[in-house]
Amino acid sequence: GVEQPLLSGGLIFDVTYFSSDFENKIELTSTPGGFMYVNGRGTATRRGVETTATLKPTDWLSITGTYTYTDAHDSLGQVEVRRPPHSASLEATARFLDNRARATIGIMYNGVRKGFLFGATATSIVDLPSASVVRGTLSYDVTPWSTVFVRAENVFDVKYEEILSYRMPGFGAYAGLKVRLN
């Protein structure tokens, strides 16, 4: 990968290429009575590019965007399940009250991906739709070693699945205290 700061660090670009080959990877295969897991006979591959750009237009605001392209295939050369070829995120963080308080809002996108449909007599591959999910966090450093926070996940209660028939959590709100023990 390569990281390049510009504008005295006010803009940072990062590009990373990744490549993995998997020998004897455990994979799902269809059988006349259903399915079973086997060690793949060929080489499964996963390659791609991840890009990140962070813009800091002021001391108190940073905006980060990421995009990842993944090309993943099983040992038979078929597109690998549960690996979206396209994923992205955009996040903005504002700092205030002498940098003790932070407000972050972000959106995550996972593109269309393949998934298993387990039928009574056979297993097939289907497309799982893409999904975009918004999250947000407010935090305040009470002391140098403790932070209180409120966090919201899936703010708009999007109904989606990353694995077919396993619905991801809907809207959730959390509050707490983080303590650093160093």
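The structure on your screen is a predicted model, where local features need pLDDT of at least 70 and side-chain atom pairs count only at pLDDT 80 or more, while totals for chains, interfaces and linings use all residues. Residues are numbered from 1 along each chain as its sequence is written, and side-chain values use heavy atoms, with hydrogens and water left out.

**Stop 1: two backbone angles.** Stay on Asn24: its phi is near 55°, a positive value in a residue other than glycine. Most residues other than glycine have a negative phi. Now select Arg82, in the loop between β6 (61-73) and β7. Arg82 is not a glycine either, yet its phi is positive, about 65°. Is Arg82 buried, exposed or partly exposed? Arg82 counts as partly exposed because its relative accessibility is 33%, and that class lies between buried (under 20% relative accessible area) and exposed (over 50%), with a 1.4 Å probe and protein chains only.

**Stop 2: the largest pocket.** Select Glu27, Leu28, Thr29, Asp74 and Phe116. Of the 26 residues that line the largest pocket, these are the closest to its centre. A pocket is an open set of points on a 1 Å grid over the protein atoms alone, where a 1.4 Å probe fits, with protein on both sides within 12 Å along at least five of seven lines; lining residues have an atom within 4 Å of a point. The volume here is about 690 Å³, counted as the space filled by probe spheres set on the points. Colour β3 next: β3 gives the most to this lining, with five residues. The lining of the largest pocket has nine nonpolar, nine polar and eight charged residues; Ala, Val, Leu, Ile, Met, Phe, Trp, Tyr, Cys and Pro count as nonpolar, Asp, Glu, Lys and Arg as charged, and the others, Gly among them, as polar.

**Stop 3: the second largest pocket.** Its volume is about 300 Å³. To find its centre, select Met108, Val133, Glu153, Tyr160 and Glu162, the closest of its 18 lining residues.

**Stop 4: a charge and a ring.** Finally, show the side chains of Lys178 and Phe149. The charged end of Lys178 sits over the ring of Phe149, 5.5 Å from its centre (the rule asks for NZ of Lys or CZ of Arg within 6 Å of the ring centre and within 35 degrees of the ring normal).

Methods. Helices (H or I, at least four residues) and strands (E, at least two) are DSSP runs, numbered from the N terminus.
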